[in-house]
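Please read them with the structure open.

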Amino acid sequence: MTLVEQIDRALALAANQFAGHSVVLDQLVHDIITTALPTGGVVVAALCWIWFETDETGVHAHRRNVVTALLALMVVAGVVWLLKALLPFRGRPLNDPDLGLRVPFGVDPHSLNELGAFPSGHTAFYFALSVPLWMRSRWLGAAAAVWTSLTICLPLLYRGDHWP
């Protein structure tokens, strides 16, 4: 086993250690993953703010960045699917019996799709949406990246849907 695989396994176990102990926590994580408002709604609201923001002369200075980011999302989506097709298949951590992840309440490990767990399309999508926010303000972009990490990456790790 390579060093990267060992780190992946350790991080997956660390993120999953509280799963299956509390119905409330497992339901909260499920709701965060399946509800668009807490995950993408905040980032999209920030993009809307940038879209309508004007400078002191009344010019919409950052609209070009938002349009560029939306066009780049198409490229990101294509690259993610291309990587999923070209990279070696890597199953989802929850379906790896050797890893021994705990199954969260309400999750059927056999219901996950047959696509590989790497790369994550949701993660790539929302990190790509963070770029125009970063171009507007380093702090805003960093906040969007942290928000994406906490509301998308961590819940997917917790449930065993994706590798770190």
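1. Helix 6 is covered, over its buried residues, by parts that include helix 1 (3-16), helix 2 (23-34), helix 3 and helix 5. Buried means under 20% relative accessible area, exposed over 50%, and partly exposed in between (1.4 Å probe, protein chains only). Helices are DSSP runs (H or I, at least four residues), numbered from the N terminus. The buried residues of helix 6 include Gly-141, Ala-144, Thr-148, Thr-151 and Ile-152.

2. On the basis of the note: this is a predicted model, where local features need pLDDT of at least 70, side-chain atom pairs count only at pLDDT 80 or more, and totals for chains, interfaces and linings use all residues. Residues are numbered from 1 along each chain as its sequence is written, and side-chain values use heavy atoms, with hydrogens and water left out.

3. Helix 6 runs over residues 138-159, 22 residues in total, and spans 31 Å from its first C-alpha to its last. That is close to the 32 Å expected at 1.5 Å a residue, the expected span being 1.5 Å times one less than the number of residues. After helix 6 comes Gly-160, with a positive phi near 85°.

4. Thr-148 belongs to helix 6 and is buried, at a relative accessible area of 1%. Leaving aside residues up to four places away in sequence, Thr-148 touches Val-43, Tyr-126, Phe-127, Ser-130 and Cys-153. Contact here means heavy atoms within 4.5 Å.

5. How many salt bridges does a search of the whole structure find? The search finds one, between the side chains of Arg-136 and Glu-53, at 2.7 Å from N to O. Arg-136 lies in helix 5 (residues 121-136) and Glu-53 in the loop between helix 3 (36-52) and helix 4 (63-86), so the pair ties together parts 83 residues apart in sequence. The criterion is a side-chain nitrogen of Lys or Arg within 4 Å of a carboxyl oxygen of Asp or Glu. Arg-136 is partly exposed, with a relative accessible area of 27%, whereas Glu-53 is buried at 18%.

6. Val-75, Val-79, Leu-83, Leu-87 and Phe-118 make a nonpolar surface patch of about 410 Å². Such a patch takes residues with over 30% relative accessible area and no salt bridge, nonpolar side chains (Val, Leu, Ile, Met, Phe, Trp, Tyr) being joined within 5 Å; areas come from the Shrake-Rupley method with a 1.4 Å probe. Phe-118 sits in the loop between helix 4 and helix 5 and is partly exposed, at 46% relative accessible area.

Methods: Helix = DSSP H or I, 4+ residues; strand = E, 2+ residues; numbered from the N terminus. Patch = residues over 30% accessible without salt bridge, like charges linked within 9 Å, V, L, I, M, F, W, Y side chains within 5 Å.
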